Amino acid sequence: MKEHITNRVHELYWNDDVNCARTAIICLSELFEIEIEPQTLWSAVGLHGAGGYRAQCGLAEGSLMFIGIYLHGLGKTEDEIVSACYGFASAFDKAFGSLSCSVLRPTGFSENDPPHMCETLTCNAIEFAYQYITEIIGNSQRVCIHENH
(Lines give C-alpha, C1' and ligand atoms only; values in the text may rest on other atoms or scores of the structure.)
Protein backbone atom coordinates (compact mmCIF):
# COMPACT_ATOMS: atom_id res chain seq x y z
CA MET A 1 0.00 0.00 0.00
CA LYS A 2 2.71 2.47 1.02
CA GLU A 3 4.79 1.73 -2.08
CA HIS A 4 1.73 2.06 -4.32
CA ILE A 5 0.94 5.47 -2.78
CA THR A 6 4.53 6.70 -3.15
CA ASN A 7 4.78 5.61 -6.79
CA ARG A 8 1.34 6.83 -7.76
CA VAL A 9 1.74 10.24 -6.10
CA HIS A 10 5.06 10.75 -7.87
CA GLU A 11 3.52 9.77 -11.21
CA LEU A 12 0.44 11.98 -10.78
CA TYR A 13 2.52 14.96 -9.67
CA TRP A 14 5.45 14.79 -12.08
CA ASN A 15 3.95 13.12 -15.17
CA ASP A 16 0.40 14.49 -15.08
CA ASP A 17 0.78 17.66 -12.95
CA VAL A 18 -2.33 16.73 -10.95
CA ASN A 19 -3.04 18.79 -7.83
CA CYS A 20 -3.03 17.42 -4.29
CA ALA A 21 -6.81 17.13 -3.91
CA ARG A 22 -7.26 15.14 -7.11
CA THR A 23 -4.20 13.05 -6.28
CA ALA A 24 -5.77 12.11 -2.93
CA ILE A 25 -9.08 11.18 -4.58
CA ILE A 26 -7.38 9.15 -7.32
CA CYS A 27 -5.06 7.27 -4.96
CA LEU A 28 -7.82 6.48 -2.46
CA SER A 29 -10.17 5.37 -5.23
CA GLU A 30 -7.51 2.99 -6.53
CA LEU A 31 -6.73 1.61 -3.07
CA PHE A 32 -10.41 0.98 -2.35
CA GLU A 33 -11.21 -0.02 -5.95
CA ILE A 34 -13.92 2.61 -6.39
CA GLU A 35 -14.48 4.22 -9.78
CA ILE A 36 -14.53 8.01 -9.68
CA GLU A 37 -16.54 9.93 -12.24
CA PRO A 38 -14.58 12.48 -14.31
CA GLN A 39 -16.95 15.22 -13.14
CA THR A 40 -15.88 14.55 -9.54
CA LEU A 41 -12.22 14.96 -10.47
CA TRP A 42 -13.05 18.20 -12.29
CA SER A 43 -14.77 19.48 -9.16
CA ALA A 44 -11.44 19.14 -7.32
CA VAL A 45 -9.34 21.08 -9.87
CA GLY A 46 -9.32 24.20 -7.69
CA LEU A 47 -9.02 22.51 -4.33
CA HIS A 48 -5.28 22.87 -3.85
CA GLY A 49 -5.40 25.31 -0.97
CA ALA A 50 -8.66 26.78 -2.37
CA GLY A 51 -7.23 27.45 -5.81
CA GLY A 52 -3.88 28.55 -4.45
CA TYR A 53 -5.45 30.96 -1.96
CA ARG A 54 -3.53 29.01 0.70
CA ALA A 55 -6.65 28.09 2.64
CA GLN A 56 -7.81 24.53 3.46
CA CYS A 57 -5.35 21.84 2.43
CA GLY A 58 -6.34 20.00 -0.74
CA LEU A 59 -5.18 16.73 0.81
CA ALA A 60 -7.84 17.11 3.49
CA GLU A 61 -10.44 18.25 0.95
CA GLY A 62 -9.76 15.43 -1.50
CA SER A 63 -9.84 12.87 1.31
CA LEU A 64 -13.12 14.28 2.61
CA MET A 65 -14.64 14.08 -0.86
CA PHE A 66 -13.56 10.45 -1.14
CA ILE A 67 -14.91 9.61 2.31
CA GLY A 68 -18.32 10.92 1.22
CA ILE A 69 -18.25 8.91 -1.99
CA TYR A 70 -17.06 5.75 -0.30
CA LEU A 71 -19.41 5.80 2.68
CA HIS A 72 -22.38 6.64 0.46
CA GLY A 73 -21.52 3.53 -1.54
CA LEU A 74 -21.63 1.53 1.70
CA GLY A 75 -25.15 2.80 2.35
CA LYS A 76 -24.25 5.14 5.20
CA THR A 77 -26.66 7.94 6.01
CA GLU A 78 -25.90 11.60 5.45
CA ASP A 79 -25.49 12.09 9.19
CA GLU A 80 -23.04 9.18 9.39
CA ILE A 81 -21.02 10.58 6.49
CA VAL A 82 -20.94 14.06 8.04
CA SER A 83 -19.83 12.54 11.34
CA ALA A 84 -17.08 10.54 9.65
CA CYS A 85 -15.88 13.68 7.86
CA TYR A 86 -15.87 15.60 11.13
CA GLY A 87 -13.87 12.83 12.75
CA PHE A 88 -11.42 12.74 9.85
CA ALA A 89 -10.89 16.51 9.93
CA SER A 90 -10.25 16.40 13.66
CA ALA A 91 -7.87 13.45 13.35
CA PHE A 92 -6.06 15.05 10.36
CA ASP A 93 -5.64 18.28 12.30
CA LYS A 94 -4.20 16.41 15.29
CA ALA A 95 -1.90 14.25 13.16
CA PHE A 96 -0.53 16.99 10.88
CA GLY A 97 -0.97 20.08 13.04
CA SER A 98 -3.41 21.97 10.83
CA LEU A 99 -5.95 21.80 8.02
CA SER A 100 -4.47 24.90 6.40
CA CYS A 101 -2.35 24.69 3.27
CA SER A 102 -0.33 27.73 4.32
CA VAL A 103 0.66 25.99 7.58
CA LEU A 104 1.22 22.50 6.17
CA ARG A 105 3.29 23.43 3.13
CA PRO A 106 6.88 22.49 4.03
CA THR A 107 8.52 25.90 3.46
CA GLY A 108 5.54 28.16 3.04
CA PHE A 109 5.14 30.01 -0.25
CA SER A 110 7.53 32.02 -2.39
CA GLU A 111 7.94 32.94 -6.05
CA ASN A 112 10.86 30.50 -6.42
CA ASP A 113 9.16 27.41 -5.01
CA PRO A 114 9.96 24.19 -6.84
CA PRO A 115 6.92 22.22 -8.05
CA HIS A 116 5.23 19.61 -5.91
CA MET A 117 6.81 20.60 -2.60
CA CYS A 118 4.18 18.59 -0.73
CA GLU A 119 4.99 15.21 -2.28
CA THR A 120 6.09 13.62 1.00
CA LEU A 121 3.21 15.22 2.90
CA THR A 122 0.85 13.93 0.20
CA CYS A 123 2.04 10.35 0.63
CA ASN A 124 1.72 10.60 4.41
CA ALA A 125 -1.73 12.20 4.22
CA ILE A 126 -3.08 9.60 1.77
CA GLU A 127 -1.75 6.78 3.92
CA PHE A 128 -3.37 8.45 6.94
CA ALA A 129 -6.70 8.75 5.08
CA TYR A 130 -6.52 5.12 3.95
CA GLN A 131 -5.95 3.96 7.53
CA TYR A 132 -8.72 6.22 8.84
CA ILE A 133 -11.24 4.92 6.30
CA THR A 134 -10.22 1.31 6.97
CA GLU A 135 -10.72 1.94 10.69
CA ILE A 136 -14.21 3.39 10.07
CA ILE A 137 -15.21 0.25 8.20
CA GLY A 138 -13.74 -2.02 10.85
CA ASN A 139 -15.22 -0.07 13.73
CA SER A 140 -18.76 1.05 13.04
CA GLN A 141 -18.79 2.95 16.34
CA ARG A 142 -16.51 5.55 14.71
CA VAL A 143 -19.33 6.39 12.31
CA CYS A 144 -21.60 7.97 14.86
CA ILE A 145 -23.08 11.41 15.28
CA HIS A 146 -20.77 13.91 16.96
CA GLU A 147 -22.80 16.24 19.15
CA ASN A 148 -20.54 19.24 18.66
CA HIS A 149 -20.61 19.94 14.93
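Predicted model: local features only at pLDDT ≥ 70, side-chain atom pairs only at ≥ 80, totals over all residues.

Biologist: Why give both an angle and a distance?

Modeller: Two packed helices are described by the angle between their axes and the distance between the axes.

Biologist: Which hand is the crossing of H1 and H2, left or right?

Modeller: The crossing is right-handed.

Biologist: And which residues meet there?

Modeller: H1 brings His 4, Ile 5, Arg 8, Val 9, Leu 12 and Tyr 13. H2 brings Cys 20, Thr 23, Ile 26, Cys 27, Glu 30 and Leu 31. Of the residues in this contact, eight are nonpolar, two polar and two charged.

Biologist: New topic. How many disulfides are there?

Modeller: The count is zero. Take Cys 27, which is in no disulfide. Its nearest cysteine sulfur belongs to Cys 123, 7.7 Å away. A disulfide needs the two sulfur atoms within 2.5 Å.

Biologist: Is Cys 27 buried or exposed?

Modeller: Buried, because its relative accessibility is 0%. Cys 85 counts as buried too, at 19%. The cut-off is under 20%.

Biologist: Now Arg 105. Where is that residue?

Modeller: Arg 105 sits in the loop between helix H7 (101-104) and helix H8 (119-138). With a relative accessible area of 16%, Arg 105 is buried.

Biologist: What does Arg 105 touch?

Modeller: Leaving out residues up to four places away in sequence, Arg 105 touches Asp 113, Pro 114, Met 117 and Cys 118.

Definitions and conventions:
Residues numbered from 1 in each chain as written. Heavy atoms only, no water. Left-handed = near helix turned anticlockwise from the far one by under 90°. Helix = DSSP H or I, 4+ residues; strand = E, 2+ residues; numbered from the N terminus. Contact = heavy atoms within 4.5 Å. Nonpolar A, V, L, I, M, F, W, Y, C, P; charged D, E, K, R; others polar. Buried < 20%, exposed > 50% of the residue type's maximum accessible area, 1.4 Å probe, protein only.
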